[in-house]
Amino acid sequence: MQVPFLNLAAQYASLKEELLPVVEQTLAGAHYILGPNVTALEQEIAAYTDTTFGIGVNSGSDALTLALRALDIQAGDEIITTPFTYIAPAESIHQMGARIVFADVDPKTFTIDPKEIARKLSPKTKALLPVHLFGQASPLDEILKLAVLHKLEVVEDCAQAIGAKYNGRSVGSFGRMGCFSFYPTKNLGANGDGGMIVTRDEGLAKKLKMLRVHGIERRYFHDLHGYNSRLDELQAAILRVKLKRLDGWNNRRAEIAARYTAAFKGLPLELPVTQAGSTHVFHVYAVLSDRRDALQQFLADKGIPTLIYYPRPLHLQKVYEDLGYREGDFPVAEALSRRILPLPMYPELSDEQVEYVAATIRRFHG
Ligand SMILES: Cc1ncc(COP(=O)(O)O)c(C=O)c1O
């Protein structure tokens, strides 16, 4: 049996009949930039995430960059984030000319550890940028407590966690802004790039809407240093179809996760942990193994290719050499990079495929 690591063609096949007429209507409607589907999706995502305003932008990376710009982050400011994630949040800090300050992660949930944040605070710290990694929230209670105590802004990176809740409320509704990605492999993925910022703050929403169109409120009158970063109308139309399926897809992910977890009981693996008060939307289901590379090879030989993320924590990336971090600075993130193995996880996996992955992993362990 073959189990692809991802299967976006399967998602398309399941939606084709619904998507094609919507694409046709959008093309015929000829309102290609910031049209009715972008406005409608912004309202739908704001409602879905327990916020008030949605601002559609070109990508999740741009969502982070515009969010920091909207907070007037300046050169010399420090922003604390995690070294164990995709590079986009760190890049957005760098783009402000601000300093990226990493804080190590929790060994069970892989999200930023508030005790480590506390150790990294300085008079220059302006904001915290937690990433809700692999589909579950960072420990927001403790993060918000630190933010209140030290008068810091919080921007949530929700790229991997749309649909996840924390104490009954959606991620993205806790900080000043929440940033989502609609990259095709995300739980809610477009058929191209896309992203959105959500907020409850009307002033910020207005500013973000200006930032995404060259700093204008009125055409050809520029009040802010802006960007060209708009969510594409065609992608918005497609995303509105997919949003209706999102909860069902996330439930299927949770079901697959439960099957994996049950099958791996007793094996020398560390399994995903969902923190109390959280729901996990399993963007990624990853195990930790002391024999990770051998296990990965065994799976590949049996038709189950996998992809390691993240193989090198951000503080050890060449691009951040100038920050002066060294191996050993973030031992938890470094150990995760050596031991982590993400397994196939998407709603279109069949029960037979899930069972085959589970059985193959049991076989590896004898
Ligand atoms: C945690 C995280 N933040 C930000 C991004 C950036 O999103 P995008 O690819 O839409 O720019 C991604 C993924 O791509 C991500 O995984």
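Trainee: Which residues does Cys179 touch, not counting residues up to four places away in sequence?

Mentor: Two residues are in contact if their C-beta atoms, placed from the backbone, lie within 7 Å. By that rule Cys179 touches Gly60, Ala63, Leu64, Ala67, Val155, Glu156, Asp157, Cys158, Ala159, Gly195 and Ile197. Please keep in mind that this is a predicted model, in which local features need pLDDT of at least 70 and side-chain atom pairs count only at pLDDT 80 or more, while totals for chains, interfaces and linings use all residues. Residues are numbered from 1 along each chain as its sequence is written.

Trainee: How many residues does the largest nonpolar core have, and which have the most contacts inside it?

Mentor: In soluble globular proteins, nonpolar side chains tend to be buried together. A residue is buried if 20 or more other C-beta atoms lie within 10 Å of its own, exposed if 12 or fewer, and partly exposed in between. A nonpolar core is a set of buried Ala, Val, Leu, Ile, Met, Phe, Trp, Tyr and Cys residues joined through C-beta atoms within 7 Å. Here the largest such core has 97 residues, and Ala63, Ala67, Leu128, Val155, Cys179, Met196 and Ile197 have the most contacts inside it. Helix H8 (residues 233-263) gives the largest share, 8 residues; helices (H or I, at least four residues) and strands (E, at least two) are DSSP runs, numbered from the N terminus. At least three residues of the core come from each of domain 1 (8-240) and domain 2 (245-364), with bounds taken from an automatic or database domain assignment.

Trainee: How many residues of domain 1 are in contact with domain 2?

Mentor: There are 32 residues of domain 1 in contact with 28 residues of domain 2. On the domain 1 side, helix H1 (8-29), S3 and strand S6 (165-166) each supply at least two residues, and H1 gives the most, with 3 residues. That side divides into 18 nonpolar, 10 polar and 4 charged residues, where Ala, Val, Leu, Ile, Met, Phe, Trp, Tyr, Cys and Pro count as nonpolar, Asp, Glu, Lys and Arg as charged, and the others, Gly among them, as polar. The C-alpha centres of the two domains lie 24 Å apart.

Trainee: Which residues of helix H6 are buried, and why do they line one face of the helix?

Mentor: The buried residues of H6 (residues 140-150) are Leu140, Ile143 and Ala147. Seen down the helix axis, they fall within an arc of 65°, so they line one face of H6; the arc is that of the directions from the helix axis to the C-beta atoms. They pack against helix H5 (114-120), S4, S5 and S6, whereas Val148 and Leu149, on the other side of H6, are exposed. After H6 comes Lys151, whose phi is positive, near 55°.

Trainee: Where does Thr49 lie, and is Thr49 buried or exposed?

Mentor: Thr49 lies in the loop between helix H2 (36-48) and strand S1 (53-57), and Thr49 is buried, with 24 other C-beta atoms within 10 Å. Although Thr49 and Val198 are 149 residues apart in sequence, they are 7.8 Å apart in space, C-alpha to C-alpha.

Trainee: How many residues surround the ligand, and which are the closest?

Mentor: A residue is near a molecule if its C-beta atom, placed from the backbone, lies within 6 Å of it. In this model 15 residues surround the ligand, and the closest are Ser59, Gly60, Ser61, Ala159 and Ser181.
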